[in-house]
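Colleague: I am new to this structure and would like to know what the terms rest on. Please show me the model, and then let us go through the terms one at a time.

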Amino acid sequence: MKLQEYRSKEILARHGVPLLAGETATTPAEARAAAERIGGAVVVKAQVLVGGRGKAGGVKLAATPAEAEARAGDILGMDIKGITVQTVLVAPAADIAKEFYLGLILDRAARAITVIASAEGGVEIEETAKTNPGAILRLPLHPLLGLQEFETRRIGFFLGIPADLRRDFATVMRGLYAAFVESDADLAEINPLVVTDDGRLLALDAKITLDDSALPRHPDLEAMRDLNEEEPSEIAAREAGISFIKLDGSIGCMVNGAGLAMTTMDLVKLAGGEPANFLDIGGGAKADRVAAAFRIILDDPNVKAILVNIFGGITRGDEVAHGIVEARSQLHREVPMVVRIVGTNSDEAKPILARANLITADSLDDAAAKAVEAAR
Amino acid sequence: MSIFVNADTRLLVQGITGREGEFHSAAMLEYGTNIVAGVTPGKGGQTALDGRVPVYDTVADAVGQTGANASCIFVPAAFAPDAMLEASAARVPLVICITEGVPVLDMLRVHHVLKANGTRLIGPNCPGLTSVGEAKVGISPGDIHRRGPVGLVSRSGTLTYEVVQAMTDAGLGQTTCVGIGGDPIVGTSFIDVLAAFNADPETEAIVMIGEIGGEEEEKAAAFCAREVRKPMAAFIAGRTAPPGRRMGHAGAIISSGGGGTAESKRSALEAAGIHVADSPSHIPRLLHDAGVG
């Protein structure tokens, strides 16, 4: 789960990272009031989870509260890569003397938490990795010992942190590491970390992504989820215990198992169609969850046909077939449905599906072709 | 021959009295797996599965009393890291963790400790493994398999069953089928399994089922080019997956920087001389073309 900048900063501040927190606003008047309380020049920043908001015009300087109100008026309601800006962060402006990039990632290859640091702050690290890979330090940390002082010193020397700020840098590094570990993050980055004209070290922007698997033990962080930026269908799916991602095609997919769900999408594409979604219904495929999955798929008006692909395995195919037929009878919209059930009791499933006038298929390739045909 | 588990495997099941643990233990017994013990803290002295399996309070007790040499874990995600550490501390050499949703920072620590202890971990978030006709450990349906010369390794569950079924239907049997799990940090990698198949005299050909996310398939491709001379076929799921989204499996995510795509994995495999199927159903034909079966 991605956190908004102001949420990420809240977490970092809690762990002692120096930053200019600011206030959030959802109306221009609130932005003005925030700027008045802050005093002096401010930055008005769109709070969206997509990258490139600066280039899109979502970050503006304002010298006065009146200007802050006007800039917030420009930014609120703006569309940035399909997301409508609903919140801005109004934060004190800083005069920047030097910018750095400092991040921690869950490094799958190294099986470690790895520090990524670069003296080229303010640009995306992927960009630096392409243009100037030598400017990046990658330092995997010991999985049991965690961040050590010598490592913090090494990172500081690599970045060229001024001598009088090394102690402050150690505070930033320790705070970032503690924030990462204690919130079960898989990414935590400060970009840019700046030295100001008056010699302060500050985190000007921050991004934290949390490990979804660890959210059950962090109800406070789960509460930071920004529902405004999620597809309503994806919210409904999560509540029903279904793994769902909306796509742009016309063929709805309902599958058990993530790998098989991706494969089903790929075969729809191979057969000349476009998948409308990724959907893993999980184990068991019980009737109520099947019904919820159908509702979520059919809420998308682009869906012209549904492909159901269940590898029975442990689950009995005839039970799944009954669940599908029952769930279908409660649906508000009719589209052609291609159902493929394999595995245990799949022969018993066939007459049940046939009686309900569902299109059946034996192989996955055949099912994909029939679904593409039915959506035409 | 087969890899990791066989007819001599003496399995214990952690969480044997839970709903999942009991159900799948019954299926394993039915397959012929030698389940010698179960562990549920507080239920030591009882039996499970109609009196067929003694239950112990701790893994150490179970190992001491029964000589168990492998453990299959079915406990909920919040308790799975502890269960893996307990099995490893009791010197169980092989631990298979089926549980999905284990926090990844817990896995970093567990992985490190188990490696230091010399414990082989398979999973978590995996279907387990089956050495056909000898032992089934985990949740795969037993009846899709058929004994034969092909070793199979996969990051997925039901997609693996799909491929195994297609092979069995085409008359191509398997030695061992291993699901290594869909999480970002898993105990046993593609390369570990490929090396084991490469060294197994009965395994004549290898099938590898990958998916988007991470770089394990690319590394495996490089390993195969260097070390493996047995015929291979592969499939990679997720060509249509959008970047930056977690596709069900915690590990199945194309990075926003563009790493971990199906295309990158496919070209790495093809560069290593491995044929990559467009559909799971094409795998038997690719194997036949390579002279298998």
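Modeller: Start with a pair of side chains: D212(A) and R246(B) meet in a salt bridge, with 3.9 Å from N to O. This is a predicted model, in which local features need pLDDT of at least 70 and side-chain atom pairs count only at pLDDT 80 or more, while totals for chains, interfaces and linings use all residues. Residues are numbered from 1 along each chain as its sequence is written, chains are lettered from A and ligands numbered from 1 in the order in which they are written, and side-chain values use heavy atoms, with hydrogens and water left out.

Colleague: Why is the meeting of D212(A) and R246(B) called a salt bridge?

Modeller: The term asks for a side-chain nitrogen of Lys or Arg within 4 Å of a carboxyl oxygen of Asp or Glu. D212(A) and R246(B) have an N to O distance of 3.9 Å, so the pair falls within the 4 Å limit. The rule finds four salt bridges across the interface of chain A and chain B.

Colleague: What makes residues of chain A and chain B count as being in contact?

Modeller: Contact means heavy atoms within 4.5 Å. By that rule, 43 residues of chain A are in contact with 58 residues of chain B.

Colleague: Which element gives the most to the side of chain A that touches chain B?

Modeller: That is helix 9 of chain A, with ten residues. Helices (H or I, at least four residues) and strands (E, at least two) are DSSP runs, numbered from the N terminus. The residues on this side of chain A divide into 23 nonpolar, eight polar and twelve charged. Here Ala, Val, Leu, Ile, Met, Phe, Trp, Tyr, Cys and Pro count as nonpolar, Asp, Glu, Lys and Arg as charged, and the others, Gly among them, as polar.

Colleague: How much area is buried between chain A and chain B?

Modeller: About 4,000 Å², of which carbon and sulfur atoms give 62%. Buried area is the accessible area (1.4 Å probe) that two parts lose on being put together, summed over both.

Colleague: What are the domains of chain B?

Modeller: Chain B is divided into domain 1 (11-122) and domain 2 (140-289), with bounds that come from an automatic or database domain assignment. Their centres, taken over C-alpha atoms, are 26 Å apart. Nine residues of domain 1 are in contact with eleven residues of domain 2, and the two domains bury about 830 Å² between them, 60% of it on carbon and sulfur atoms.

Colleague: Which residues form a salt bridge with the closest N and O atoms 4.0 Å apart?

Modeller: D192(B) and R120(B) do. The rule finds one salt bridge across the interface of domain 1 and domain 2 of chain B. Helix 4 of chain B gives the most to the side of domain 1 that touches domain 2, with four residues.

Colleague: Why is S8(A) called buried?

Modeller: Buried means under 20% relative accessible area, exposed over 50%, and partly exposed in between (1.4 Å probe, protein chains only). S8(A) is at 0%, so S8(A) counts as buried. This residue is in helix 1 (residues 5-14) of chain A. A polar atom of the S8(A) side chain lies 3.1 Å from the backbone nitrogen of I208(A).

Colleague: Is L49(B) buried or exposed?

Modeller: L49(B) has a relative accessible area of 7%, and therefore is buried. L49(B) also has a positive phi of about 55°, although it is not a glycine. Its place is the loop between strand 3 (47-48) and strand 4 (53-56) of chain B.

Colleague: What makes R111(A) partly exposed?

Modeller: R111(A) is at 24% relative accessibility, so it counts as partly exposed. Phi of R111(A) is near 50°, a positive value in a residue other than glycine.

Colleague: Where is there a cis peptide bond in chain A?

Modeller: The bond from N191(A) to P192(A) is cis, with omega near 10°. P192(A) is in strand 10 (residues 185-196) of chain A.

Methods: A polar contact is a pair of N or O atoms within 3.5 Å; within protein, one must be able to donate a hydrogen and the other to accept it, and residues adjacent in sequence count only if both atoms are side-chain atoms.
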